[in-house]
Amino acid sequence: MVTSLSTYSISKNYKHGRINANKNITVDFSPGEITALTGHNGAGKTTLLKQIMGVVKPDSGSITYRGISFIRESNKARELIAMMPQFHAPLVGVTLRQAIEAVGKIRGISHLEMNESIDQIAHDLKIEKWLNIPGQKLSGGLQRLTSFAMTVVAPPPILLFDEPTNDVDPVRRIIVWEYLRKLANNDHIIVVVTHNLFEVERYADRYILLNEGKVTQDEHTSILRKELLSSSLLSITSNKPLDEAKIPDNLNTNIKDGALEYSIHLTNDQIPKAIEWLLQGIKSNKITHYSLSPFPLDMLYRGLTDG
Ligand SMILES: Nc1ncnc2c1ncn2[C@@H]1O[C@H](COP(=O)(O)OP(=O)(O)OP(=O)(O)O)[C@@H](O)[C@H]1O
């Protein structure tokens, strides 16, 4: 039996077709894999998760898992999927422990197992000391971790996370990704919406880039890593226009404070020539400042979208 979660050509429009939030999205999510869903604001990421979860109905297309149509049987989707929302409901009057416990009960954890499960999650996320603090007294980051803990208690086979590391401190961000890896190793399907490209590159197995509702990239992150390793960014400030015909691939030319700023994307084999050209510019007093650095992930990402 096919164990992946598959969407086939799903589309969702809002405002009588004026907003095309998702356009013909066909993707497979496999057990054991962490897939990052990226794209700029309004690209359609949350809409895709909500359709998979069965809370928003697609206008067309299908979503299937183990022979079940999540569109026809949205109650099954809610049984088999847990979703950590982008904006969680305020936890007023309940402690962190009670919040996790409430979800654990719905998912059928026995009374005996409950405390052990909660203590284990709290220990793994290093949030034990706040277990008995009411939600309204928790910081934004801790509320987010509570929402994460509520999603992963007695985890169903499919887990969707909408920006799980927002507001979370750098140490616990790593812990969150490690937790996701543990779940993936236990054959869960993990989909994570995130704007944090450094985390995508470091922790996800695969990334899907959405742009204006469409999938524009669906790759293993190893490809992203390879592209980054084979590219550098040469930034130059000059007081006179440079001969652009000689620049290998000029991405962006800005005039700032009366000076010209060039950002040049170089492949590794272009570097020796670029340095020769740079030294000539320095000698002729045209180039006043320069730096050569690894190609930034966010610039690569900008090159992949219209943004
Ligand atoms: N209920 C709704 N009614 C009308 N338009 C909506 C609704 N939900 C989403 N949209 C629109 O659909 C488009 C996609 O929104 P969506 O929230 O899926 O994007 P996103 O990629 O998750 O964005 P972000 O990164 O900002 O969270 C946007 O133009 C958004 O304004």
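Predicted model: local features only at pLDDT ≥ 70, side-chain atom pairs only at ≥ 80, totals over all residues.
## A walk through the sheet and its helices

Residues are numbered from 1 along each chain as its sequence is written.

Now for the sheet. Four strands make an open sheet in the order S2-S1-S4-S5, with antiparallel pairing. Strands (E, at least two residues) and helices (H or I, at least four) are DSSP runs, numbered from the N terminus, and two strands pair if DSSP finds at least two bridges between them. At the edges you'll find S2 (19-29) and S5 (68-69), each of which pairs on one side only.

Follow strand S1 (residues 5-14) and look at its partners. With strand S4 (residues 60-65), S1 pairs in the antiparallel sense over five bridges; Tyr8, for instance, has Ser62 in S4 as its bridge partner. S1 and S2 also run antiparallel, joined by seven bridges, and here Leu5 stands opposite Phe29 in S2. The hairpin of S1 and S2 has four residues between the strands, and Lys15 takes a positive phi near 50 degrees there.

On to the helices. Two packed helices are described by the angle between their axes and the distance between the axes. Axes are lines fitted to C-alpha atoms, for helices over the stretch in contact, and angles run from 0 to 180 degrees between N-to-C directions. Helix H3 (residues 96-106) packs with helix H4 (residues 111-124) at an angle of about 125 degrees, their axes 10 Å apart. That makes H3 oblique to H4: angles under 35 degrees count as roughly parallel, over 145 as roughly antiparallel, 65 to 115 as roughly perpendicular and the rest as oblique. In this contact, Arg97, Ile100, Glu101 and Gly104 of H3 meet Met114, Ser117, Ile118 and Ile121 of H4; residues are in contact if their C-beta atoms, placed from the backbone, lie within 7 Å.

H3 has a meeting with helix H5 (residues 140-152) too: their axes come within 8 Å and cross at roughly 25 degrees. So H3 is roughly parallel to H5. Here Leu96, Ala99, Ile100 and Val103 in H3 meet Thr146, Ala149 and Met150 in H5.

Definitions and conventions
Contact = placed C-beta atoms within 7 Å.
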